[in-house]
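Colleague: I have just opened this model and would like to understand the words used for it. Could you walk me through them?

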Amino acid sequence: MKLGTGLFTCQRPPDDDRSTTDIYDEMLELSRTADEAGLDSIWVSEHHFTADEYLPGTMPSLAAIAAETDEIELGTCIALAPLYDGVRLAEDAATLDHLSHDRLTLGLAIGSNPGEFEAFGVPQDERVERLSDQVDLLRAAWSEGPLDYDAEFHDIDPEVSVTPKPVDNDVPIMLGGGAKPAVRRAARTADVWCAPSKLSIGGLQKRIEDIRTVREKEEIDGDFDVYIIRHGFVGDSREEAWETMKPGYFYIQRRYAELFSGETVDELPEERKEELKQQAIFGTPEQVVADLKRYRDALGDDVHVIFRTYHPGIGTETMAECIERLGNEVAPELR
């Protein structure tokens with residue numbers, strides 16, 4: 001089992017008086033900590049036009065992280081594919097792949113927030129088709145020679161040769177989503193499927209089996225990896241870990257609820273809070289190892305867990321200590 005961390009969102013809760021520069025410096029410090037602790041991956045996330053300045057720039061952020069780290073995989077979880085110019089995304093991702101020495105995984109999704117689509121002038125009802133077109137365009141742009149692809153949503157000459165090409169002419173593409181069409185889309189067109197945090201072990205097993213069925217039935221060759229997201233924290237006790245992560249964890253979930261509903265969410269319902277607690281993995285290193293082993297036993301040794309330890313507002317030192325323990329005390333027990 002591999003173990004990564006993030007998702008760096010660089011949000012500023014209302015009681016956080018730090019500058020944006022300070023918050024971005026925190027992201028870089030935590031990235032160095034994760035690399036030094038021997039974790040397998042670091043992830044950034046993307047949204048736009050939020051009051052708390054949710055990270056909008058995934059590519060420049062990962063470039064800065066690449067300069068601060070040596071070995072760790074770098075990825076977007078996720079980039080909102082329909083909002084990008086596909087050729088610029090292909091160029092930026094390939095550039096980043098070289099800057100990081102072949103460490104990039106490009107996670108893409110269709111997006112959900114109507115306000116973002118409206119502001120970018122992109123019809124939301126085209127988001128599935130735009131994602132599929134982006135994936136095909138990226139593959140074509142990274143292949144040898146001219147583009148040789150007539151993009152549906154990008155007015156670009158097929159005779160253009162996009163440069164640079166990534167290391168080995170490829171960047172792994174990861175697609176997310178828990179619904180059956182999204183999972184099957186990933187099985188057919190991506191290299192990686194990323195499961196949302198809400199899925200149970202049973203739900204994960206069903207979707208992984210569906211992926212295998214699709215790829216076998218359609219004779220799709222090549223490696224295919226599964227990543228799963230889990231929110232969590234490593235502390236001195238289960239209670240202490242929960243109380244430490246809870247303010248930032250609930251803050252993130254309130255903001256997501258606002259993004260997807262378009263309405264202000266001052267407080268999560270108690271039922272939702274309990275549901276979120278049940279979905280999270282937290283406690284002593286031994287307790288976290290035990291919980292993660294259940295996923296490894298059910299899903300296989302190759303599963304890659306993105307363990308979300310970034311909880312805005314709980315303190316850089318607090319998150320750094322958690323990341324160190326995740327790398328030094330949890331990860332070795334799962335390999």
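Colleague: Why is Glu68 called partly exposed?

Modeller: Its relative accessible area is 34%. Buried means under 20%, exposed means over 50%, and partly exposed is in between (1.4 Å probe, protein chains only), so Glu68 is partly exposed at 34%. Before we go on, this is a predicted model, where local features need pLDDT of at least 70 and side-chain atom pairs count only at pLDDT 80 or more, while totals for chains, interfaces and linings use all residues. Residues are numbered from 1 along each chain as its sequence is written, and side-chain values use heavy atoms, with hydrogens and water left out.

Colleague: What makes Glu68 and Arg32 a salt bridge?

Modeller: The closest N and O atoms of Glu68 and Arg32 are 2.8 Å apart. A salt bridge is a side-chain nitrogen of Lys or Arg within 4 Å of a carboxyl oxygen of Asp or Glu, so the pair qualifies at 2.8 Å. Glu68 sits in helix H2 (residues 58–68) and Arg32 in helix H1 (residues 20–36), so the pair links distant parts of the chain, 36 residues apart. Helices here are DSSP runs of H or I with at least four residues, strands are runs of E with at least two, and both are numbered from the N terminus. Arg32 counts as partly exposed, at 29% relative accessibility.

Colleague: How many salt bridges are there by this rule?

Modeller: The count comes to 20. Another of them joins Glu91 and Arg88, with the closest N and O atoms 3.6 Å apart.

Colleague: Why are Glu91 and Arg88 separated by about one helical turn?

Modeller: Because they are three residues apart in helix H3 (residues 86–99). Arg88 counts as exposed at 51% relative accessibility, whereas Glu91 is partly exposed at 25%.

Colleague: How do you know that Arg254 has no salt bridge?

Modeller: The nearest side chain of opposite charge, Glu267, is 5.1 Å away. Lys and Arg count as positive, Asp and Glu as negative, and His and the chain ends are not counted. Leaving aside neighbours within four places in sequence, Arg254 is in contact (heavy atoms within 4.5 Å) with Val265, Asp266, Glu267 and Leu268.

Colleague: Which residues of helix H9 are buried?

Modeller: In H9 (residues 270–279) they are Lys273, Leu276 and Gln279. Seen down the axis of H9, these buried residues fall within an arc of 125 degrees, so they line one face of the helix. The arc is that of the directions from the helix axis to the C-beta atoms. On the other side of H9, Glu270, Glu271 and Gln278 are exposed.

Colleague: What do the buried residues of H9 pack against?

Modeller: They pack against strand S8 (225–234), helix H8 (238–261) and strand S9 (281–283).

Colleague: How do you know that the radius of gyration agrees with a compact globule?

Modeller: With 335 residues, a compact globule would have a radius near 20 Å, and the protein chain has 19 Å, which agrees. The radius is taken over C-alpha atoms, and the globule rule is 2.2 Å times the number of residues to the power 0.38. Buried residues make up 55% of the 335 residues.
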